[in-house]
Amino acid sequence: MSTLWVSIVAVTLASAAIKAAGPILAGGRELPPRANAVLALLTPALLTALVVTGTFGEGGHLELDERALGVGVAAVALALRAPVLVAVVLAAVVTALARFFLG
């Protein structure tokens, strides 16, 4: 078994343990409102981190490329209150055009 698979299995088991620990430790008690507010912000923060590292952070350095143009177009579309589906389609089209024209 390669090191990659050992890492994947270890992370999977750690994730399952952490998810199981929450309900066990809480014991049916409600979390304070402040903790709920923090938990609500974790999902968008993690998603943003994944998008940023997936778009710009390959190889440990920031690199602007066609994907950055697509993400930028999607961000502008969402800022202008476009539906998410429209933003995704625009990002895909801009990325494809940039790859075609820029190589």
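## Overall fold

Helices are DSSP runs of H or I with at least four residues, and strands are runs of E with at least two. In this predicted model, the protein has four helices and zero strands. Read from the N terminus, the order of elements is α-α-α-α.

Of the protein's 103 residues, 12% count as buried. The accessible surface is about 8,200 Å², and carbon and sulfur atoms account for 76% of that area. Among contacts between residues at least 6 apart in sequence, 35% join residues at least 24 apart.

## Helix H1

Helix H1 covers residues 3–26. With 24 residues at 1.5 Å a residue, H1 should span 34 Å, and this agrees with the 35 Å between its end C-alpha atoms. Just after H1 comes Gly27, which has a positive phi of about 60°.

## The nonpolar surface patch

A nonpolar patch lies on the surface, made of Leu69, Leu85, Val89, Val93, Leu97, Phe100, Phe101 and Leu102. Together these residues have about 890 Å² of accessible area. Helix H4 (residues 84–102) supplies the largest share of the patch, seven residues.

Leu85 is found in helix H4. Leu85 counts as exposed because its relative accessibility is 65%, and exposed means over 50%.

## An aromatic pair

The count of aromatic pairs comes to one. The ring centres of Phe100 and Phe101 are 5.0 Å apart and the ring planes meet at 80°, so this pair is edge-to-face; the cut-off for that class is over 60 degrees. Phe100 and Phe101 are both exposed, and both belong to the nonpolar patch.

Notes. Residues are numbered from 1 along each chain as its sequence is written. This is a predicted model: local features need pLDDT of at least 70, side-chain atom pairs count only at pLDDT 80 or more; totals for chains, interfaces and linings use all residues. Side-chain values use heavy atoms; hydrogens and water are left out. Patches are made of residues with over 30% relative accessible area and no salt bridge: like charges are joined within 9 Å, nonpolar side chains (Val, Leu, Ile, Met, Phe, Trp, Tyr) within 5 Å. Accessible areas come from the Shrake-Rupley method with a 1.4 Å probe; for residues, only the protein chains shown count as cover. A salt bridge is a side-chain nitrogen of Lys or Arg within 4 Å of a carboxyl oxygen of Asp or Glu. Buried means under 20% relative accessible area, exposed over 50%, partly exposed in between (1.4 Å probe, protein chains only). Rings of Phe, Tyr and Trp (its six-membered ring) pair if their centres lie within 6.5 Å; planes under 30 degrees apart count as stacked, over 60 as edge-to-face and the rest as tilted. The expected span of a helix is 1.5 Å times one less than its number of residues. Contact means heavy atoms within 4.5 Å.
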